[in-house]
Amino acid sequence: MSAPPPPPPLTRLADRLGLPVDDLAYLARFDDARLERLDTAVAMAQHREDVEVRRSMRDAVRLVPAPLRRRVAAALFPQGDTPQGDAAPTEPPGAVS
Amino acid sequence: MGEPVAEPVVEPVPTARPANAATRLAARIELAKLAHELDLGLDEVSFLADADPVALRALRTDVAERLLARHAARFARIAHLSSLVPVGVAAKAAQHAVGPLVSARIAGSLPPAEAVRLAERLPPEFLADVTLSLDPSRVAGILAALDLDLLARVGRLLVARGEHVVLGRFVSVVPTAAALAVVDGAGPGDLLRVALFAEDRSVLPALVARLDDRVLVAVLELAHADDAHVDALTLVTSLDPASRSRIVGLLAGLPEDRAAGFLTAVAAIDAWPEVLPALADVEDGALRTLVNVPPTAEPAVLDAVLRTAHGLDLAVLLRRVLAVLDPAHLAALRAAPVAADPDVRAWLGWGVDEPHGGA
């Protein structure tokens with residue numbers, strides 16, 4: 001059985017921005033190729049931010065004196081969260097879901 | 001830094017409606033802001049260059065909100081942790097571990113007084129880095145309480161780095177005194193671009209009112225040299241009537257080709273409703289210089305002038321203009337379709353057989 005076709009880029013972009021597709025109606029006049037490029041640009045921005053947030057939190061914990069590190073880490077990364085991130089992972093730029 | 005707002009390569013969309021120069025400029029401005037939000041070069045978003053500026057603005061807002069929302073819980077936790085440690089430790093952590101982007105994101109979650117104490121422990125260079133990712137609307141309370149000198153130092157660093165988009169986001173949020181301190185000594189290109197990128201242009205009249213004539217003349221000269229008349233005109237249309245009159249008066253004192261370029265832009269974006277009333281305060285000699293330029297020798301241009309003057313009931317001004325027009329311009333006026341309109345002729349007190357009221 002073949003995999004289902006990927007959703008159209010406008011739908012993917014809406015998902016990425018956490019919005020209903022209708023909220024992006026102002027982009028509907030662009031063709032799929034442009035929407036694909038826009039979706040990739042947004043994915044790249046989110047990916048960069050994810051990487052920077054993870055690095056930032058990891059380095060912040062490292063800066064804490066050893067005896068307190070565990071408590072700070074617990075405060076920064078409660079159950080279910082990790083330095084690797086708990087947000088929906090952003091696929092690498094250019095990937096098509 | 002003196003160049004006009006960069007013009008990206010446009011990939012045409014067949015269904016796009018033709019846009020006038022003002023719309024294209026608005027789209028270029030929004031595109032630059034979107035590129036900043038996505039941390040991309042302008043060329044990397046050039047495929048959107050002919051998009052509706054309102055759509056680009058909506059997209060930028062959606063992108064910015066989503067970027068912040070994805071890690072909002074984490075930012076709040078870091079902000080909380082920061083409030084538990086001495087401010088010196090928090091400052092050290094911000095600079096050497098957290099970094100400028102995440103520091104910017106968590107700033108809005110900090111109590112303003114605490115954020116101010118923290119900012120005062122950080123070097124202006126780091127604060128300038130932080131400012132690149134700050135959302136002004138989330139830190140207005142912090143900016144209002146920050147030392148003006150520190151704000152000005154950070155602002156000048158951003159000017160030196162050519163961060164006009166960022167400065168434009170803050171110009172309407174920081175106190176006027178801080179904004180003036182930042183632009184004091186900035187080049188005319190910096191001023192023009194920061195004003196163009198201003199998120200809220202309603203603050204511009206107050207700033208322009210405090211700028212010296214020589215600064216405004218330098219901006220007009222730069223706009224002429226860079227063929228950025230539409231950029232300059234877009235700002236003029238954002239100003240109050242007094243500031244518009246002042247700038248038009250300054251323009252009249254410059255060589256004729258400056259006025260020609262400016263009025264070509266006025267015609268291109270149909271800014272007569274904003275510009276014509278500003279001519280009322282110009283004395284006759286200067287008025288003669290301004291109106292007898294090549295762009296206003298076009299019947300279509302004079303038609304728009306006459307229609308606008310009629311619509312705004314600027315009869316006194318128009319009679320003064322008619323009195324100083326040279327023969328070539330009067331001939332063009334006769335060819336303007338609206339000159340034959342009985343209502344317009346009656347409004348101007350022209351006789352039926354007089355082509356231009358005997359002027």
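This is a predicted model: local features need pLDDT of at least 70, side-chain atom pairs count only at pLDDT 80 or more; totals for chains, interfaces and linings use all residues.

Reply: Two residues are in contact if their C-beta atoms, placed from the backbone, lie within 7 Å. Leaving aside residues up to four places away in sequence, Leu254(B) touches Val217(B) and Leu220(B).

Where does Leu254(B) sit? You'll find Leu254(B) in the loop that runs between helix H15 (241-252) and helix H16 (256-269) of chain B. Leu254(B) counts as partly exposed because 15 other C-beta atoms lie within 10 Å, and the buried class asks for 20 or more.

Chain B has 22 helices and zero strands. Its C-alpha trace spans about 85 × 45 × 30 Å along the principal axes. Of its 359 residues, 43% count as buried. If you take the contacts in chain B with a separation of 6 or more, 82% of them come from residues 24 or more positions apart.

Two other loops of chain B are worth a stop for their backbone. Most residues other than glycine have a negative phi. Asp39(B) is not a glycine, yet has a positive phi of about 55°. Asp39(B) lies in the loop between helix H1 (21-37) and helix H2 (53-70) of chain B. Asp313(B) also isn't a glycine, and its phi is positive as well, at about 55°. The loop for Asp313(B) is the one between helix H19 (299-312) and helix H20 (315-324) of chain B. Are these two buried or exposed? Asp39(B) has 16 C-beta neighbours inside 10 Å, so it counts as partly exposed. Asp313(B) has 10 other C-beta atoms within 10 Å and is therefore exposed.

On the H4(B) side, the contact is made by Val87(B), Ala90(B), Ala91(B), Ala94(B) and Ala107(B). H5(B) brings Ala115(B), Arg117(B) and Leu118(B). Sorted by class, this contact has seven nonpolar residues, no polar ones and one charged.

Last, on to the partner chain. How many residues of chain A are in contact with chain B? There are 28 from chain A, in contact with 31 residues of chain B. On the chain A side, helix H2 (32-63) and helix H3 (66-76) are the elements that give two or more residues. H2(A) gives the most, with 17 residues. By class, the chain A side divides into 17 nonpolar, three polar and eight charged residues.

While you're looking at H2(A), find Arg48(A), which lies in that helix. Arg48(A) counts as partly exposed because it has 16 C-beta neighbours inside 10 Å. Asp15(A) is 33 residues from Arg48(A) along the chain, with 18 Å between their C-alpha atoms.

Technical notes. Residues are numbered from 1 along each chain as its sequence is written. Chains are lettered from A and ligands numbered from 1 in the order in which they are written. Helices (H or I, at least four residues) and strands (E, at least two) are DSSP runs, numbered from the N terminus. A residue is buried if 20 or more other C-beta atoms lie within 10 Å of its own, exposed if 12 or fewer, and partly exposed in between; C-beta atoms are placed from the backbone. Ala, Val, Leu, Ile, Met, Phe, Trp, Tyr, Cys and Pro count as nonpolar, Asp, Glu, Lys and Arg as charged, and the others, Gly among them, as polar.
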